[in-house]
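This briefing is for a reader meeting the structure for the first time. Please look over the sequence and the model before reading the points below.

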Amino acid sequence: MRSLRWKIGGHALTLLATVLLGGLFSATLVRLAPGFDVDERELDPHLNAQSVQALRDARHQDRNVLQFYFSYLTRAAHGDLGTSLALGQPVGTLLRDRAPLTLQLLGLGLGLAWLLTLTMALSAAWLRLSVYDTLTTVVSGTFLCLPAAVLALLSVLWNVPGSLAIALIVFPHTYRYARNLLVKAYSRPHIITARAKGLGEARILFWHVVPVVTPQLLAVAGVSVSLAVGAAIPVEALCGLAGIGQLAWQAALARDLPLLVNITILVTLVTLLANSGADVIGHAMRGQEA
Amino acid sequence: MNFWRTLACVVLALVLGSSLAANWLAPAGYARQYRDAIGAPPSRTHWLGTDEIGRDRFARVLYGTRISLLLAPAAALLSTLMAALIGGLAGYLGGVWARMAMAVTDLFMSLPWLFLLITARALMPLNVSPLVSVLVTFLLLGLLGWTAAARVLCTTAGSLRTSDFVRQARAAGLPGQRLFWVHVVPNLKPVLYAQFWISIPVFILSEANLGILGLGVAEPMPSWGSLLKELEGLVSVGEEPWKFVPLILLVVVVTSFQFLLSRQEELAA
């Protein structure tokens with residue numbers, strides 16, 4: 001229990017440091033990006049010299065990256081994430097409005113991906129037929145060779161939900177690991193003995209295989225969240241789904257830098273939380289077994 | 001070498017060869033517009049038809065393949081060299097250097113690859129000449145794609161640092177620099193080759209993703225990404241199947257790389 005608390009504390013510290021560093025990295029990129037200092041309002045012929053100077057002064061503090069980042073963090077701590085340059089709306093409102101759709105898409109996509117992964121990996125481990133193994137490897141390998149954006153376009157063409165596209169982008173990555181883990185677990189001597197003694201497949205699976213492979217599968221599950229978040233960008237952008245992925249794409253095309261900084265921090269937070277969560281649960285399970 | 005690997009080599013050689021012969025196979029070039037044949041289906045003069053502004057699709061596929069197939073390995077080489085320099089050196093030096101290198105890779109790897117690429121690409125100038133856009137796209141892939149490889153190399157170099165032969169060489173008075181170049185780097189070669197081959201298909205797919213999302217190579221220069229963007233306008237798969245040729249070619253090439261990759265992984269192991 002004590003080691004688990006240490007583990008959680010360690011992860012929380014790492015998470016905080018990485019998110020803050022990620023934000024600083026993103027802010028630095030934003031600051032160094034060409035056109036950062038340019039404000040097209042300066043081109044307005046109705047503004048006099050003092051107004052133009054006032055606009056320049058307002059941006060002056062942003063020139064120092066650390067000052068820029070510190071002022072951003074201070075505002076963010078008070079709930080002000082800034083305003084989107086392209087959409088002219090508060091970033092907080094944009095993220096709140098679009099988060100439910102992305103969460104639903106990711107949840108369904110990941111659920112489907114893991115259903116496919118576990119079904120195919122378990123059947124490959126149970127059947128131990130080289131034909132079936134080759135077939136599943138070819139299927140997953142084909143999807144691995146397709147760009148995520150093409151799968152998104154095909155989902156539009158065939159009128160299938162975007163969550164299926166996410167599932168088909170994520171599943172080849174997770175299948176490879178899950179299959180190897182399960183095949184390795186099923187080839188352990190005690191499982192071969194259990195089979196020889198006539199133990200039922202369900203009992204072998206739940207009593208002898210699941211406890212062995214779950215911590216490693218959880219680690220893969222953590223990574224699959226990161227894959228799904230990455231896949232959400234082309235899927236939402238090309239399927240016309242108004243989620244955070246589409247927002248990231250729009251921000252990139254419009255060079256909406258305040259929005260990009262916030263989305264970078266959010267994405268870092270989500271992926272790190274998923275990975276740390278998987279690690280902590282895996283650690284707790286190993287601790288219980290010991 | 002087994003049958004599939006031989007076949008993969010032959011396929012890659014054929015695709016690369018025909019793309020290098022693009023000037024001879026499609027002398028009109030990728031940008032010439034045939035205004036009397038806009039959106040034409042395949043014919044004797046235009047084997048894969050023409051696009052919506054009358055450019056020969058076959059020529060664009062050949063030239064696009066050349067760009068993707070030559071620049072993806074170049075980007076892979078850059079990322080592998082960066083990984084060797086950062087990961088290999090940090091692993092060899094150990095201690096605080098290794099921890100710092102790992103912290104940087106952790107930071108990069110906490111962001112999904114596609115998201116990182118899109119964000120970084122957005123911060124580069126978008127309104128640039130086609131040639132600059134090609135260089136920016138592939139340079140970005142090379143500059144951002146080193147982290148996973150650096151992690152592997154850091155661990156491998158770390159284990160080499162504590163190995164018996166390196167300790168013995170150090171005890172014999174070999175200077176650190178010579179030790180690194182003569183004893184550590186040659187032992188990193190199999191891992192470096194594997195990382196190089198792993199990166200090529202990843203970069204080809206990444207460029208395709210960027211191109212479809214409108215953040216890749218700028219028009220009129222073709223690449224697999226910009227060619228696949230044409231699929232966006234399709235209403236059904238059977239309507240204009242020849243538009244899928246770039247996709248089929250991409251899948252065949254990436255699959256061929258995967259077959260070669262399995263050989264490299266075996267060698268690295």
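The model is predicted. The predictor assigns the complex an ipTM of 0.88 and a pTM of 0.88. Chain B is built from 11 helices and zero strands, and 33 of its residues are in contact with 35 residues of chain A.

**Confidence**

- The mean pLDDT of chain B is 88, and 97% of its residues score at least 70.
- Within chain B, helix α5(B) has the lowest confidence, with a mean of 82.
- The highest confidence in chain B belongs to helix α3 (residues 57–93), at 94.
- Where pLDDT is low, predicted coordinates should not be read in detail.

**Chain B as a whole**

- Read from the N terminus, the elements of chain B follow the order α-α-α-α-α-α-α-α-α-α-α.
- The C-alpha trace of chain B spans about 75 × 45 × 30 Å along its principal axes.
- Chain B has 269 residues, of which 45% count as buried.
- Taking the contacts in chain B between residues at least 6 apart in sequence, 69% join residues at least 24 apart.

**Where chain B touches chain A**

- The contact involves 33 residues of chain B and 35 residues of chain A.
- On the chain B side, α4 (95–109), α5, α9 (176–212) and α11 (245–268) each supply at least two residues.
- Helix α5(B) gives the most to this side of chain B, with nine residues.
- By class, the residues on this side of chain B are 23 nonpolar, seven polar and three charged.

**Helix packing between the chains: α10(A) and α5(B)**

- The crossing of α10(A) and α5(B) is left-handed.
- From α10(A), the residues taking part are A:A248, A:W249 and A:A252.
- From α5(B), they are B:F115, B:I118, B:T119, B:R121 and B:A122.
- By class, the contact of α10(A) with α5(B) consists of six nonpolar, one polar and one charged residues.

**Helix packing within chain A: α9(A) and α10(A)**

- Helix α10(A) also packs with helix α9 (residues 201–239) of chain A, at an angle of about 85 degrees and with the axes 7 Å apart.
- The helices α9(A) and α10(A) are therefore roughly perpendicular to each other.
- On the α9(A) side, the residues in contact are A:A232, A:I233, A:V235, A:E236 and A:A237.
- On the α10(A) side, they are A:G245, A:Q246, A:A248 and A:W249.
- The contact of α9(A) with α10(A) has six nonpolar, two polar and one charged residues.
- A:A248 and A:W249 meet residues of α9(A), and A:A248 and A:W249 also take part in the contact with α5(B).

**Two prolines of chain B**

- B:P42 sits in the loop between α2 (22–25) and α3 of chain B.
- B:P42 counts as partly exposed, because it has 16 C-beta neighbours inside 10 Å.
- Leaving aside residues up to four places away in sequence, B:P42 touches B:W47, B:L48, B:G49 and B:W242.
- B:P42 and B:G87 are 45 residues apart along the chain, and their C-alpha atoms are separated by 50 Å.
- B:P220 lies in the loop between α9 and α10 (224–228) of chain B.
- The peptide bond from B:E219 to B:P220 is cis, with omega near 5 degrees.

**Positive phi in loops of chain A**

- A:R128 is not a glycine, yet it has a positive phi of about 50 degrees.
- A:R128 is in the loop between α4 (91–127) and α5 (130–144) of chain A.
- With 12 C-beta neighbours inside 10 Å, A:R128 counts as exposed.
- A:N159, also not a glycine, has a positive phi of about 55 degrees.
- A:N159 belongs to the loop between α6 (148–157) and α7 (162–186) of chain A.
- A:N159 counts as exposed, because it has 6 C-beta neighbours inside 10 Å.

Key:
Residues are numbered from 1 along each chain as its sequence is written. Chains are lettered from A and ligands numbered from 1 in the order in which they are written. This is a predicted model: local features need pLDDT of at least 70, side-chain atom pairs count only at pLDDT 80 or more; totals for chains, interfaces and linings use all residues. A crossing is left-handed if the near helix is turned anticlockwise from the far one by less than a right angle, and right-handed if clockwise. Helices (H or I, at least four residues) and strands (E, at least two) are DSSP runs, numbered from the N terminus. Two residues are in contact if their C-beta atoms, placed from the backbone, lie within 7 Å. Ala, Val, Leu, Ile, Met, Phe, Trp, Tyr, Cys and Pro count as nonpolar, Asp, Glu, Lys and Arg as charged, and the others, Gly among them, as polar. pLDDT is the predictor's confidence in each residue, from 0 to 100. Axes are lines fitted to C-alpha atoms, for helices over the stretch in contact, and angles run from 0 to 180 degrees between N-to-C directions. Angles under 35 degrees count as roughly parallel, over 145 as roughly antiparallel, 65 to 115 as roughly perpendicular and the rest as oblique. A residue is buried if 20 or more other C-beta atoms lie within 10 Å of its own, exposed if 12 or fewer, and partly exposed in between; C-beta atoms are placed from the backbone.
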